[in-house]
Amino acid sequence: HHTMPLARPTGQIPEATWTLGFREMTEPWKGALGCLGVAVFFAMTIGIISWQALEQPPEEWVLRGRAGGVLWERRRGALLLRALPAGRTAAVVAVGGVPAAEPPPPRDRCWHDGGQFCYAWEEDAELRVSLEPPPAPGTECYGVRWTPLRPDVALKDCFSMANVSWYGGASVRAQRWPLNGAESPAQPFVSGDFGESPHGYGPVLERYFLGSTGVTVTVAPDVPLFLSLESNRHFCLESPAGRAAVPLGYRLCLSPDMAAAHRHPRSGLFPPHRSPIWRYHGPEGSAAKIKRGLRSLAKRLKRHRLQEGVLALGERCTAVLAAAVRPDHVPPEPRKRQDSAGTWDPSLVAPLQLSITLSPYTSIASPLFLRSLRHGQTDGYWLSLQPPIPLLTMWKGQLCARLNVTSEAALGWFLARARRLRQVLGAAYVVFEGAEGNALLDRAVPPPAELVGDRYTAALAAALATLGNTTIISAGARSSHLPLFVQMSPLRSDWSHAGLKGVIPSVLHYSLLGYNFFIPDAVGGSLAGDTPGDPELYVRWLQLVTFLPVMAFSTPPWLCCDAWVLNLTRQCIQRHRDFVVPLIIKYSEEWLRLGYPIFRPAWWLSPTDPTAFTIEDEFLIGDEVLVAPITEKGQTWRDIYLPGEGQLWLDTNSARVFDGGTVLRNYSASLAEVPVFVK
């Protein structure tokens, strides 16, 4: 196309000639002029759009509070949580599930309410951000709630790990502190057993994440949730897409720093568990054999001057003894002389106490299960898809039915049986395994409302708490306020994060989520590792668990190592009793009063020092004792970070004093020593 040549380049064009000329113009010229018009219009439109894009800020306030606010960032399609007045960004939440390129304009659906912002992506989802009442002065909270507008929309919000260390959430098999180093595909946020699913989430989790910028993320308890972790990139909260449109909701809270941000529900004081625990691994074929085995273990411990603590029986031994004493049958009248196999006398092992193990699983071959079916009064006692047919699951290699915790009758029967067994066997403690997991989810069956997510674990824990505070459970979810001990997952007998190096990250994780009273895995680990029977590993493990709530042994020291390790074991048990237990009691009172964890990370005393954020091989008991064990094979030295600028630390090994907020380079600790500092 040619542009039209103007006849007279100078002066004004008289109107008449112009219109006349246009009428007489030939068709191609008219087309050319039309094209020019379209081109000009097009250029103007593009100009206006680009001008608007340049003029429009890359981020826009969505909701503003006093201490901070939420912005929308166009480029990434992300919500930013920003602290005022400094303007530091505390969290970046990339939004998936809606077209991120489409920005929420200032057009706010609930503009009339100053404390809320609403926006809908017409086809996909609706976003509502609202200011919420703060839990404490100095903290500000925002509710974020997504509602999908079609069932096939999967919502996904990803929290960036760039410049933020994250803690809390789920336990993973090789536990890391912070979470940034962990990796996991998207899977249901439900407690699990690493033995069954090593790549799943572990037995202790809460819908709570804490970031080093002083931000906390608390996810609504009532929604099904998936979590994925991409190491050092982000973690994502997702709602499953499927038959029903599932909302995704969470609360963001902003505090000046992490120690100020972290608060947890707290519960009553805990009596310390008798320590140490000696696990029984003797013959288990019959009640008589178990008794002989227990008596011989008790004699051995006595001979080695280790006659305190608890002898722990596993689930199988407990079942064998239970069958012999038949607690399920109430004898018609008290018999005068009971046969020796049917009785159990706790004084056989005195002064040691006994702990027994039960689980909510019952083998379908067991007399107990068959009786329960025959009498027909146990309808609803077992989890099932269509009653009365129980849902069968594998537990320790056997097909089992699982207790239905939503039935009062079933729980009543289960607890009564546990009480009877405890009484008949004279057990001081009862351990409940198999509390984790959601059997219905494993079957891809949508569970009923009362069993969504981790409601099974929570309901079972609440019921078990009524047995008193000598109860130990294998999982924790929504139950940190209950007076229960939590049994930590078994670890491998090696130096990896699935073994010894995973102990401190797990301790910090459990304690941060409110599970301060836990029983660590046995000294030396209880799963086969790369180095079975390594005395150095045994010693370093022993030194570490000395400073935890309870010491547990699976392999006794005389079986693994030389006489000096036996001596060291005695010293450690004594140090635990005289030095550590009083500290734990003292700080459990502080936990009750203020909700602070008993076992604290280094950053607790240095909440703004980035060096402290990633320290996963030291921990504090309260804020006055720092424990920095050696967890590397063959090492007799390490660097130690002393937290708390302006504070002084006394080295218990050398009585020297050091400044807080510093790093001790190449601190030497022989195989017989563990570095411990007192504030």
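**Rings and helices in a predicted model**

Trainee: Which residues form the aromatic cluster?

Mentor: Phe159, Trp166, Phe189, Tyr201, Phe209, Phe235 and Tyr250 form one aromatic cluster. Keep in mind that this is a predicted model.

Trainee: How many aromatic pairs are there in the whole structure?

Mentor: A search finds 28. One of them joins tryptophan 72 and tryptophan 121, with 5.8 Å centre to centre and 55° between the planes, a tilted pair.

Trainee: Where in the chain do those two sit?

Mentor: Tryptophan 72 is in strand β2 and tryptophan 121 in strand β5, 49 residues apart.

Trainee: Buried or exposed?

Mentor: Tryptophan 72 and tryptophan 121 are both buried.

Trainee: New topic. How do helix α11 and helix α13 cross?

Mentor: The axes of α11 (residues 535-545) and α13 (residues 563-594) cross at roughly 10° and come within 9 Å. The two helices are therefore roughly parallel to each other.

Trainee: Which residues make the contact?

Mentor: On α11, Tyr538, Val539, Leu542 and Val545. On α13, the residues include Trp564, Leu568 and His576. By class, the contact has eight nonpolar, two polar and no charged residues.

Trainee: Where does the charged end of arginine 402 sit?

Mentor: Over the ring of tyrosine 456, 3.8 Å from its centre. Arginine 64 has its charged end over the ring of tryptophan 61, 4.1 Å from the ring's centre.

Key
Residues numbered from 1 in each chain as written. Predicted model: local features only at pLDDT ≥ 70, side-chain atom pairs only at ≥ 80, totals over all residues. Heavy atoms only, no water. Axes fitted to C-alpha atoms, helices over the stretch in contact; angles between N-to-C directions. Helix = DSSP H or I, 4+ residues; strand = E, 2+ residues; numbered from the N terminus. Parallel < 35°, antiparallel > 145°, perpendicular 65-115°, else oblique. Contact = heavy atoms within 4.5 Å. Nonpolar A, V, L, I, M, F, W, Y, C, P; charged D, E, K, R; others polar. Phe/Tyr/Trp six-rings, centres within 6.5 Å; stacked < 30°, edge-to-face > 60°. Buried < 20%, exposed > 50% of the residue type's maximum accessible area, 1.4 Å probe, protein only. Lys NZ or Arg CZ within 6 Å of the ring centre and 35° of its normal.
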